[in-house]
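Student: I have a model open and want to learn how to read it. Please take me through it feature by feature.

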Amino acid sequence: MSKITAAITAVGAYVPDYVLTNQILETMVDTNDEWITSRTGIKERRILKDKDKGTSYLGIKAAEDLIAKKGLDPKEIDMVIFATATPDLPVAATAAYTASKIGAVNAFSYDLQAACSSFLYAMSTASSYIESGRYKKVLVIGADKMSSIIDYTDRATCIIFGDGGGAVLFEPNEEGLGLQDEYLRTDGIGRDFLRIEAGGSLLPPSEETVANNQHFVHQDGKTVFKYAVSNMADASAKIMDRNNLTNEDVDWLVAHQANKRIIDATAKRMNLNDESKVLMNIQRYGNTTSATLPLLLSDYEKQLKKGDNIVFASFGGGFTWGSIYLKWAYNS
Ligand code: UT7
């Protein structure tokens, strides 16, 4: 019997309707379109305005998109992994609520939190379950309502982030397609440079933490940028070396959309001279944290061909980062 590999067999996505443009941000904080575009590559982002809707709404919509496109019976889903840094509630898994809402009544489910690397790590986890032979259909959702943790008076963060959701289905493959290799790393030094200070067990919510704006994302952008460039590029170069992939062999780079300059630096390190191989939608969505990778797959799905070599890469808070080499498994 041939080895079982874990392949992506379907993709779904959802972004909210409201478009927060650079021009609108100019009216909110001291910034301008030229600065944002040249420093980040972002032109606009989507925001979930409805006050009564949390991240699960984005994930449910993305999963429903996948289910409809694939013609999948949700009762066949064995497990749901919900990658997110902005769960609906601190306790009570967003995954469980989502699985019930989409009709995945035979699945077990849990949340996975690794900041901007949540989805990449969830791909690894889902693949391991498939490769073990224990489960046949694992749904991985990546969604974040970043607007719920952003201070819209802080120009260092509010220009970067947006809301969105994406989903992929992992299934067993016997043609050798799907996940081939991974290189995943963490370094706790990052905790000081990108975080929400309060609301966790270290500093529970209080009147003081609210007054001090400690429930919003704070980052030392310059330091995060430096680590992101070197680690994401290193991880991608390493996965190519380990698998004897030349720049010609790599068909697509699917990189976390945090800053166009970080993505460009990674592509350069991989010698990907052909810009069209570098998937990019940061200009339209900004950094949607756990949703960037599946949103890219959804936007470019029609161009991806069976057997294509894809390098995924991410970097995020913690620090967390890594790279995955995957062979695409279908033509759409
Ligand atoms: O996905 C999670 C990981 N997060 C990231 O990967 C983010 C990584 N960091 C970045 O993408 C970049 O550091 C930023 C986009 C956040 C900032 O870009 P930068 O080129 O590192 O700018 P900077 O922080 O060094 O600031 C340069 C200047 C400063 O002014 P002075 O001191 O040179 O006079 C800032 O005060 O730009 C100023 N500035 C702004 N100006 C207009 C900072 N934010 C803004 C802004 N609009 N929004």
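Tutor: Start with burial. Buried means under 20% relative accessible area, exposed means over 50%, and partly exposed lies in between, with a 1.4 Å probe and protein chains only. Leu20 is buried, with a relative accessible area of 4%. This is a predicted model: local features need pLDDT of at least 70, side-chain atom pairs count only at pLDDT 80 or more, and totals for chains, interfaces and linings use all residues. Residues are numbered from 1 along each chain as its sequence is written, and side-chain values use heavy atoms, leaving out hydrogens and water.

Student: Where is Leu20, and what does Leu20 touch?

Tutor: Two ideas first. Helices (H or I, at least four residues) and strands (E, at least two) are DSSP runs, numbered from the N terminus. Contact means heavy atoms within 4.5 Å. Now the case: Leu20 sits in strand E2, residues 18-21. Not counting residues up to four places away in sequence, Leu20 touches Leu25, Met28, Glu44, Arg45, Ile47 and Tyr152. Also look at Gly162: from Leu20 to Gly162 is 142 residues in sequence and 8.5 Å in space, C-alpha to C-alpha.

Student: How do I read a polar contact?

Tutor: It is a pair of N or O atoms within 3.5 Å; within protein, one must be able to donate a hydrogen and the other to accept it, and residues adjacent in sequence count only if both atoms are side-chain atoms. Take Thr84, in the loop between strand E4 (79-83) and helix H4 (94-101). A polar atom of the Thr84 side chain lies 3.0 Å from the backbone nitrogen of Thr86. The Thr84 side chain also reaches the backbone oxygen of Ala143, at 2.8 Å.

Student: Is Thr84 buried or exposed?

Tutor: Thr84 counts as buried, at 2% relative accessibility. Leaving aside residues up to four places away in sequence, Thr84 touches Thr55, Leu112, Gln113, Ser118, Ala143, Asp144 and Ser290.

Student: How do I read burial along a whole helix?

Tutor: In helix H9 (residues 260-269) they are Ile262, Ile263, Thr266 and Ala267. They cover an arc of only 135° around the axis, so they lie on the same side of H9. The arc is that of the directions from the helix axis to the C-beta atoms. The buried residues of H9 pack against helix H8 (221-242) and strand E11 (252-255). Now try helix H11, residues 292-300: eight of its nine residues are buried. Among them are Leu293, Pro294 and Tyr300.

Student: What happens at the ends of H9?

Tutor: Asn259 caps the N-terminal end, with a side-chain oxygen 2.9 Å from the backbone nitrogen of Arg261. Just after H9, Asn271 takes a positive phi of about 60°.

Student: How do I read the shell around the ligand?

Tutor: A residue is near a molecule if one of its heavy atoms lies within 4 Å of it. Here 21 residues surround the ligand, and the closest are Thr31, Arg39, Lys222, Asn259 and Asn287. Helix H2 (33-40), H8 and H9 each supply at least two residues of the shell. H8 gives the largest share, four residues.

Student: Where is the cis peptide bond?

Tutor: From Gly318 to Phe319, with omega near -5°. Phe319 is in the loop between strand E12 (309-316) and strand E13 (320-327).
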